[in-house]
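Please read it alongside the sequence and the coordinates.

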Amino acid sequence: MVAMSGGVDSAVACALLARQGHEVLGVTLHLADLSRVGLGVSRCCSLDDVTNARAVCTLLDVPHYVINMEETFHREVLGLFVEGYLAGQTPSPCVRCNSRVKFGELLRLADTFGADAVASGHYARICRGENGELQLWRGVDRQKDQSYFLFELTPEQLQRIMFPLGEMTKAHVRALAVEMGLPNAAKPDSQEVCFVPEGKTYRDVLGKLAGSRLPGPGEVVDEEGHVLGRHPGFVGFTVGQRRGLGVASGRRLYVVAVRPEKNQVIVGEAPSLAKSFLEVRQVNWLISPSPSLEVEVQVRSHHRAQAALVEVNGQGVQVRLREPVFAPAPGQAAVFYRGERVLGGGFITCAW
Amino acid sequence: MRVYLDHNATTFPLPEVWEKVLELGGVRWGNPSSLHQEGRLARSFVEEARFRVAALLAASPQEVVFTSGGTEANALALWGLARLLGGPSGVRVYVGATEHPSVFAAAEALAGLGASVEVLPVDEQGLLRREPLAKVQPPAVVCVQLANHETGVLQPVESWVAALAHPKVLIHCDAVQAVGKVPVDFHQLGVHTLALSAHKMGGFPGAGALLVRSDLELPALVPGEQELRRRGGTEPLLAVHALGWACHFVGERIKLWAEVATLRDYLERLLKERIPEVVVLGQKASRVPNTSCLGLPPPLLGHVAVVALDLEGFAVSSGPACSSGASLPSAVVRAMGFDELAARTLRVSLGLATPRQEIDSFVSALERVLRRSR
């Protein structure tokens, strides 16, 4: 069963599996129709995407179905997205969507459909280790690598997941799409979070979903507590953000913290954002971790992982970085790697 | 081997209908509105079809307006009746809570033009409740479906019509799922307009009809000289021809549906025996003979079951689909008061030629799918 977004990656993944002789079916998930809250159709369920996925499957002579997972998506992803921002964090909806919706729910569906495995167009690899255990690795194309968003997968889930594009570069995938005559071969890559409708921002989405709970305007203050300006509502401000602060200052200012309880956005200069310690919770391990281990930690999707020491304590871990990391944001994922391999990861709760 | 149990969505054209349509293969016909011989020939096909449709419904041929199908027939009825009452502005449109989405869509379009729309509630068997019906305020258009598309439940339309009698209350009946499966007498029902669709009864998609009582001068939705100015556009000759013959042949076979009812009851007995958690919606009401609406046990969702069964070789359906093709929870089941079942319904609709062993294998397949879903 191939999860098909309508994009070129999942189309090629589907085509490769069909070409290898697997009995394949394509599934497009209907996740969030935000037109019902007056926001226009999310790109993840646009007719265009469904039409593309269907056209690819028709070409490959593979059955294609649209599966409604709005309820799961609202419960598992949008809810956390809204709550995270209301708590002054920068949530990571894609991580949860992968573990709970795409692979969580899809693997259950695979059982119902009698499918042996779920495949997707993610750029990540599943490799077998020396002891036969399954390991999650970065995709070969480092520009496109999506392993950061997949750390919540469990070893059991990995047994039934396939990433046919893990060994390929995006350029190769596009070339294959053209060669195979796939109708969406030239479709541009998606950039934003998938449920945000075209022409809208995630602030618009938050405004609709949080409704009256959305906090109003407040103060922008520096680290000493001086009021520098006003913000339209702290939701949507992210640690490390430099643009759109609405304050005029000779200094180069960044958001260094969001304080929901005071309805304040704290700004400061770059050195305040250099952090050497992270607390990470809701950790998922793809290995059996020793109490302390050397890793490389990645704190954003486009961040070069940095050497760190991880100390496991109870349900969380503390990460001590060898060199300070710039602007780790509470709510974002911290993913632990050793070389290419994903060891585990969790969500940043605080940094200092 | 495929097992097709979705005859309420589309049933296959009857073999005899195919034969009649193929006979037209070498015929050089013209436009039914033309005066010449070729036109007159085409006209004769259209009028014969009109005659056959009328005969099945005990109506007169002038009362038959050909449309592109059920949706257009419903839209024409609501528009025309609202116009006859001086509307749409100021007219109240009452829609039964379990009506087909095309009726709701037409009502909403009228609401956009100043009509007010009210939903008539149903009980847990899907039958309209009597009290709200007694409170209908003229001038009003009331929509009552004869047979429900998801449950097959038959409304006692005649008795509702009697309760609604008022010169400024006009009644439309969507009979798309009933015509061909149960005897329908247009005048005995007493409604003002009645919709039917060819592909639900052995004709082809692309034709349907609205029956309009001869004392009404129904304004057109699509203006034009055709169909006595009630529906513009050249009649789709092949589809109309097939519709006429479908009416003829289903009329001949209407007694055979008793056997389908026996088979449907067998299906429901078998389900009760083998998968007792499955409930049958509207089972206590009078229903068309071929339809069974099942409420599945959790966690199996209706549309997931449809996909799993399709992969097993069985065609059935669940609730309505949105434009992307994703299934939505059943508004019909929700209106009947079973919120928790709305996303877990499965509609099985048999055809005249469904053999018993297909029922057996379907129940086994559903058992397998349920087991795998847990």
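What percentage of the 352 residues of chain A count as buried? The share is 47%, where a residue is buried if 20 or more other C-beta atoms, placed from the backbone, lie within 10 Å of its own, exposed if 12 or fewer, and partly exposed in between. This is a predicted model, in which local features need pLDDT of at least 70 and side-chain atom pairs count only at pLDDT 80 or more, while totals for chains, interfaces and linings use all residues. Residues are numbered from 1 along each chain as its sequence is written, and chains are lettered from A and ligands numbered from 1 in the order in which they are written.

**Overall form of chain A**

- Along the principal axes, the C-alpha atoms of chain A fill a box of roughly 65 × 50 × 35 Å.
- Chain A has seven helices and 17 strands, these being DSSP runs numbered from the N terminus (H or I of at least four residues for helices, E of at least two for strands).
- Among contacts in chain A with a separation of 6 or more, 63% join residues 24 or more positions apart, a contact being two residues whose C-beta atoms, placed from the backbone, lie within 7 Å.

**Domains of chain A**

- Chain A is assigned domain 1 (2–179), domain 2 (215–268) and domain 3 (273–351), with bounds that come from an automatic or database domain assignment.
- The centres of domain 2 and domain 3 of chain A, taken over C-alpha atoms, are 26 Å apart.
- Five residues from domain 2 of chain A and four residues from domain 3 of chain A make up their contact.

**Contact between the chains**

- Chain B places 13 residues in contact with 14 residues of chain A.
- On the side of chain B that touches chain A, α11 (302–312) and α13 (356–373) of chain B are the elements that give two or more residues, and α11(B) gives the most, with five residues.

**Nonpolar core**

- The largest nonpolar core has 229 residues, of which C14(A), L78(B), V141(B), L243(B) and A246(B) touch the most other members; such a core is a set of buried Ala, Val, Leu, Ile, Met, Phe, Trp, Tyr and Cys residues joined through C-beta atoms within 7 Å.
- Helix α9 (residues 237–253) of chain B gives the most to this core, with 10 residues.
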